[in-house]
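Dear colleague,

Please find below the structure that I am handing over to you. My findings follow directly after it, and I would be grateful if you could read them alongside the coordinates.

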Amino acid sequence: MIVSKFGGTSVGSAKNINKVIQIISDKKIKTALIVSAMGGITNLLIKAAELAVKGDKEYINILKEIEHKHLETAKTLLNDNVKREAFIHELLDQLKSTLSGVFILNDLSLKSHAKIVSIGELLSSYIITEAMKDQGLKVILKDSRELIKTDDNYENAGVNYQKTYQNIQSYFNENENDVVVLPGFIASNENGEITTLGRGGSDFTAAIIASGVKAEILEIWTDVSGMFTANPKLVKQAKPIKNISYQEAMELSHFGAKVIYPPTIQPVLDKNIPIVIKNTLAPNDNGTLISKRINGKKSIVKGITHIENIALLTLEGNSMVGVPGISKRLFEALSNKNINVKFITQASSEHSICLAIDLAEAKNAKQAIDKQFEFEILQHKVDPLIVEKDLAIIALVGDNMKSHQGISGKMFSELGNNNVNIRAIAQGSTEKNISAVISKHNVKKALNTLHATFFEDQIKLLNLFVIGIGNVGGKLLDQIKQQQKYLLEHQHINLRVIAISNSRKMLFVPEGLDLSDWKSELDKNGVKANIDTFYKNVKELNLRNSVFIDNTANNEVTLQYPKYLKDSVSVVACNKIACSSSYENYKNLKKLSRNYNASFLFETNVGAGLPIIDTLNNLIASGDEITQIQAVLSGSLNFVFNNFDKKTSFYDVVQQAGVEGYTEPDPRIDLSGVDVMRKILILVRESGQIMELEDIENDSFLPESSLKATSIPDFKETLKIESKHFNDLRDDAINNNCRLKYVASFKKGKAKVGLQQISKDHPFYNLDGKDNIVLFFTNRYKDQPLIIKGAGAGADVTASGIFGDIIRTGNK
């Protein structure tokens, strides 16, 4: 024999009830069927009782709603409806009579409340039984009140197991029907008065019946396909757990998994009767089997769960140390107020005790505890109770955790890496549960982080927030789209672009933007761009492994970096302004990156996609020391001077460089040498030296009129007017058999940039097109420098450098 229990959603409509009947008829085995009230009915009954006791006639309308729902369901399901409707009306009349008495007397006793809330199960069990008869099943309705006997606690009755099991065994031994339908949740005391079994009462009924008949299995049918590795509403990658032990199921359920209520399954646990959690709406799904055996040897962690709306209470004081009875008094104060403690931790110094309780009980808890320790507080021996609100408990659960080292370390490390601050930690000696108290705001991020760590194939999800989607940014998005599948398959990195922004519009898509049509999506659904709002949205989304990408040349955007880093959001910057700003700001950004474990990467600040900064960092990390740097760091200027010949004016070459995307929108940044100054400054700082931008000598090749130009058009006009100046520079170099190169150098603590004539025997002479070249002289590379050479400008190579930094954050 098996016992099947169907919850409120499963019997919430005529359609679903037909599904229940089909499931039962397919079994071809004797079944005890326990049913809850139809979905939402119990809440309506409670509400009607609350209104009636307040003298509010609105309870009558709720009665009508209850009546309508049951009569319509019966009308849909049952053939000969008149006689059956009479019985339904009889039950509803009992309800009306009880509520009328409550309304008149303005009194709602526990006994009356039990009578009111029990009507839901009585109605649903009758309708389902009659519907089964109409469909040809050999079925009988048995009133649970005749079998389950309890004490006089009307709302959370204690079961008299000896008498109850005698009744169950006696009845089922004589029963010849294939199906016995029983209303869940309800029982009776020795006087035959209705009592109820409290929260999870229908599960409790099913467990009691299963234990009493020594069932082969207890089926709990609900609206989900078993217990999941995490809440699927918060973790999209959550998957059903195929097998789980009783203890694991109890731990998960204690900490928020709503599929079963732990105290109610104790009767079957005592008899080692397996439980299977199934989905009424998807009956062919495997569901979850709960049994005594520890299942899944490969699965160290079975599930991740959480409880929200938690308050953390902290009692502390120097006079608590070594004083017996402090804990007793603390828990006694809470017990006297019927406040349940969900989490306990105490420092070994005995200086403080932390407890977690429901947030709704925090006020009463503080009053009770402060009163309990009133004398000690007045004597300053104990501090007034500290109450922290808006918290949550997250927990890892698994029988196998006890035999594996490092689970706690991995858990807390991953949370820390994602800026999830842990307020308190608890772990039992059985090591089946590791719990932590965190901010409620971080729950979704914490669950997803831990689920990815313990349940997914070590695929790291990176959530990207991109500002600047013009030439370089647009190429970056194209490259991401092209490489998404490759990175997922070969490097186990899942790139997801959550937000994009240009100077006019921004677009956030929390599930990830479809990069095949991002331009039209931005035009159609984007909102007005604002860098402060952009940051606020990133913070509110609070996604794990978030990366902020700055493809602009905007100083205002760089001022946002500290906020992102403090939120453990990695920053990848094409923008050179931050790292070439004051040394104090540069140093602070690097410090924030370390302190908050968020990457701050800016490879493309120097040499576009060339691995210049990465190589420099590796030299320093390996213990080498930079003694001298010589470099051509402007692909733009190299392009300009390589193409500036007697056939082409300097103005035309600068225009061509702009069209091909080699110069900044404002060419003065490139031609003035400021851009190269910033780049050599960054290399000097990355080599371990302290230097400011103004410390760098700039030997500008521009004439005075160009330097004084106040606008881009005016500046370009001076390039035409001063053409002789530029032609003289070119001709002088040609006459000396040299080529013009804009060179940056660093030696003996001093840095300099300027236009130089490069002879044929120098490594810079044959540097063509837009290429960059860097020569690192170090203690190890004294005579022959380490040379890095390649394309140093262009949207594609710059985007690939940014892409490389993004991947580095994923591999961190």
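Two strands are said to pair if DSSP finds at least two bridges between them. With that in mind, in β14 the bridge partner of Leu 312 is Glu 388. Please note that the model is a predicted one.

**The sheet**

The strands β12-β13-β11-β14-β16-β15, in that order, form an open sheet of six strands with antiparallel pairing. Its edge strands are β12 (343–346) and β15, each of which pairs on one side only. From one strand to the next, the twist averages 30 degrees.

Strands β11 and β14 run antiparallel and are joined by nine bridges. Strand β14 (residues 386–397) also pairs with β16 in the antiparallel sense, over seven bridges; in this part of the sheet, Ile 394 stands opposite Ala 436 in β16. Strand β15 (residues 422–427) pairs with β16 over five bridges, again in the antiparallel sense, and Gln 427 stands opposite Ile 434 in β16.

How enclosed is strand β16 by the rest of the structure? Strand β16 covers residues 433–439, and six of its seven residues are buried, so the strand is largely enclosed. The cut-off for buried is under 20% relative accessible area.

Helix α14 (residues 443–454) lies across β11, β14 and β16, and runs at about 125 degrees to β11.

**Leu 315**

Leu 315 lies in strand β11 (residues 303–316). With a relative accessible area of 2%, Leu 315 is buried, because buried means under 20%. Leaving aside residues up to four places away in sequence, Leu 315 touches several residues, among them Met 320, Ile 326, Leu 330, Ile 369, Phe 373 and Leu 385. Leu 315 and Pro 384 are 69 residues apart in sequence, and their C-alpha atoms are 7.2 Å apart in space.

**Helix pairs**

Helix α10 (residues 326–336) packs with helix α11 (residues 362–372) at an angle of about 140 degrees, and their axes are 9 Å apart. Angles over 145 degrees count as roughly antiparallel; α10 and α11 are therefore oblique to each other. Their crossing is right-handed. On the α10 side, the contact is made by Arg 329, Leu 330, Glu 332, Ala 333 and Leu 334, and on the α11 side by Ala 365, Ala 368, Ile 369 and Gln 372. By class, this contact has six nonpolar, one polar and two charged residues. Leu 330 and Ile 369, which take part in this contact, are also among the residues that Leu 315 touches.

Helix α1 (residues 14–25) and helix α3 (residues 58–77) cross at roughly 50 degrees, and their axes come within 9 Å. These two helices are therefore also oblique to each other, and the crossing of α1 and α3 is right-handed. Ala 14, Ile 17 and Asn 18 of α1 meet Thr 73, Thr 76 and Leu 77 of α3 in the contact. The residues of this contact divide into three nonpolar, three polar and no charged.

Yours sincerely

How values were computed:
Residues numbered from 1 in each chain as written. Predicted model: local features only at pLDDT ≥ 70, side-chain atom pairs only at ≥ 80, totals over all residues. Heavy atoms only, no water. Axes fitted to C-alpha atoms, helices over the stretch in contact; angles between N-to-C directions. Helix = DSSP H or I, 4+ residues; strand = E, 2+ residues; numbered from the N terminus. Parallel < 35°, antiparallel > 145°, perpendicular 65-115°, else oblique. Left-handed = near helix turned anticlockwise from the far one by under 90°. Contact = heavy atoms within 4.5 Å. Nonpolar A, V, L, I, M, F, W, Y, C, P; charged D, E, K, R; others polar. Buried < 20%, exposed > 50% of the residue type's maximum accessible area, 1.4 Å probe, protein only.
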